Amino acid sequence: MNAWFAIAPVLTVVLVLVVVHRPLGDYMASVFLSVNHLRIERGVYRLIGVDARSQQTWQSYLRGVLAFSAVGVLLVYALQRAQSVLPYSLGFPAVPEGLSFNTAASFVTNTNWQSYSPDVTLGYAVQLVGLSVQNFVSAAVGIAVAMALVRAFAARRSGTIGNFWVDLTRGALRVLLPLSAVAAIVLIAGGVIQNVSGATEVTTLTGAVQSIPGGPTASQEAIKILGTNGGGFFNANSAHPFENPTAWTNLFQIVLMLMIPFSLPRTFGTVVGDRGQGAAILAAMAGIFVVSLTALTLLEAGGAGSAPVAAGGALEGKEQRFGVLASTFFATTSTMTSTGAVNSMHDSYTSLGGMLPLLNMMLGEVAPGGVGSGLYGMLILAVITVFIAGLLVGRTPEYLGKKIGPREIKLASLYILVTPTLVLTGTALSFAVPAIRTDVESTSILNPGLHGLTEVLYAFTSASNNNGSAFAGLTADTPWLNTALGVAMLIGRFLPIVFVLALAGALAAQDSVPATTGTLPTNRPLFVGLLVGITIIITALTYFPVLALGPLAEGLQ
Amino acid sequence: MTKPHTAARQYLVALRALIVFTAVLGVLYPLAITLIGQTVFPGQANGSLVSSPTGNVGSTLIGQAFTDGNGTPLPRWFQGRPSAAGDGYDAGASGGSNLGPENPDLLTAIEQRKSSIAAFNGVLPAAIPADALTTSASGLDPHISAANALLQAVRVADARGLPAADVSALVESKIQGRDLGFLGEPTVNVLELNLALAGKEG
């Protein structure tokens, strides 16, 4: 394996992001700080009945997030249940209740876990009116919550944290829509389909009939990737040649996934008035990303394990046009963000290689994480880092001029407890309750032995962290997994948001304290190192035992 | 505390907001992209179909099976990778095998493919590249590696009564380098190669 072909694509993406993150980060800062409204936005506010000038308390902001998401779940659920009577449904019947709930929860929480196989389940109506819309707005919700927290760091003695409806509208219309429109057209040029003509029957060279699918794929693919959603138009997701036709569209999709998450730290630095603070967050994110990518690439290129050795390479579940290198780059990007799209089947990765996408999600998807959620996740970890550093030197910790007192640290601690609790409880229940265990082992799990445990662990990790990728051998369309994963997605998305907005409220209400000689500078390499260390230690302590039972045991056999 | 009616009002606002966003993002946006796609890139937007005098024979992006009705590979055609999509290259059921690296079923499948491909092409099992022994992620992979194509050249030439050197030269001419010289892997598009082969004979 020539190292150049591993390094050159990464350098290309780094270069593009270095160029793009400044203007995009500054643009987003201006979008979310602006007091002016575009004409179209004023029209939206009139139609939906909000006063755009009014500011909300954190409780009111939160109620907006929850109300909007609840209505979203209901609409996506209803659309699926009514599929048989909708136009452009390709003759597919109504989706069953359990699966409809799971899918509704999945797309509203920006997870895009797919218990269903889209090729044989969903027509264009549900895909566009239900799923595409949630691809945009769930991403916009994530950005809105992140911006509320960022503005709270900059606020002084304020009882309010912004207006959710304004943030939502601006995120969707000023950031996501224009970028995805451009991205969709580039993808079409690369071969992604965009039509509404249904399947085309062709007679192949051998005289057989093949049914080539159609569909409005590019418009959904663009926002699926840009909004770190990840729900594929087709079952094979970004491995499908109609979603990701070439090695260059693959690189383009990697850039799209990373573009907003890696620009938001710049936005953060700009809003708090110290770009060095944003650069420190960015450095921590980038450092973790590069280490994980390197590890996965070495493991997959090494191709250890019975089947990869027998075949002469870890190519099971990988496309020839991508090979190992473009597959591992995509997999790392997809699981380090909250995208969860796949261009290769993680279930078939080498035992230790398959652990890395899992670990990436367990880190909390903060390097760089999903759109918005990555930034607020990393800022929570930054709060914990200054707290621990404060303990070490025996001083009251502060971050960006805000005291990190009991209330702040409680909220941050609760935040980081949510997903591990969901992951470990969900996995444990799947094996501890005899009736569920029988169902999971006989119906859901595909691969025997330790790998089967990893499939279930992966599913709960993916759902709770709102990633959406899978060890896809797992049959998740069962009453237990549809329900448990659906609940994990909802709690894993909205409970942390409650804590983030409560933290935003607490921070906004504080005045700013001046930095003293005892203040830990949070824009220096020392802090970056501490932040990376804390992130890894928290994850390692939480998950090491369960990893030892699954992928570690399998890989070290 | 907020008054009850303001909390309920948020739901009304939420519903209206979702309706507005659905109209803009779920209807207007895909419609606009479809119009642009169909106008500017109609070939790609409609699936990169390959037409022949008798109608479309497939898509350059979607692999197809070159087998008889029973699924037996036909020696006259270059063969794509093993496929986990339906019964093989079922474009309505994309997907991988998802078999894990230690799964005995996968190991058995690889060994079986190794011996049948070796016998089919008259080559040593050790000479068979990994892409010929493994299923792709989509099950619709239109490509094989250059080594996989070259390995099949003699068999195809024999089956068609063509000089082996001509078929090998044809394969060489169909090897696509990496995108931009450094992205992904070199490929051979099986449908395009087989079309060129059919043209050569005709």
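Predicted model: local features only at pLDDT ≥ 70, side-chain atom pairs only at ≥ 80, totals over all residues.
## Helix H3 of chain B

Helix H3(B) runs over residues 104–121, and its 18 residues reach 26 Å from the first C-alpha to the last, close to the 26 Å expected at 1.5 Å a residue. Its buried residues are Leu106(B), Ala109(B), Ile110(B), Lys114(B), Ile117(B), Ala118(B) and Asn121(B). Seen down the helix axis, these residues fall within an arc of 155 degrees, so they line one face of H3(B). An α-helix has 3.6 residues a turn, so residues three or four places apart point the same way. The face turned away from the buried side carries the exposed residues Asp105(B), Gln112(B) and Ala119(B).

The buried residues of H3(B) pack against helix H10 (306–311) of chain A, as well as against helices H4 (130–133) and H5 (146–160) of chain B. Gly122(B), with a positive phi near 65 degrees, follows the helix.

## The sheet of chain B

Three strands of chain B form an open antiparallel sheet in the order S3-S5-S4. Strands S3 (143–144) and S4 (175–176) stand at the edges with a single partner strand each, so one side of each is left without a neighbour in the sheet. S3(B) pairs with S5(B), residues 187–189, over two bridges, and Ile144(B) stands opposite Val188(B).

## Ser334 of chain A

Ser334(A) lies in helix H11 (residues 323–336) of chain A. Its relative accessibility is 0%, and Ser334(A) therefore counts as buried. A polar atom of its side chain lies 3.0 Å from the backbone nitrogen of Gly340(A). Beyond its neighbours within four places in sequence, Ser334(A) is in contact with Met257(A), Thr339(A), Gly340(A), Ala341(A) and Asn467(A).

Definitions and conventions
Residues numbered from 1 in each chain as written. Chains lettered and ligands numbered in written order. Heavy atoms only, no water. Pairing = 2+ DSSP bridges. Helix = DSSP H or I, 4+ residues; strand = E, 2+ residues; numbered from the N terminus. Buried < 20%, exposed > 50% of the residue type's maximum accessible area, 1.4 Å probe, protein only. Polar contact = N/O pair within 3.5 Å; in protein donor to acceptor, adjacent residues only side chain to side chain. Contact = heavy atoms within 4.5 Å. Expected span 1.5 Å × (residues − 1). Arc of directions from axis to C-beta.
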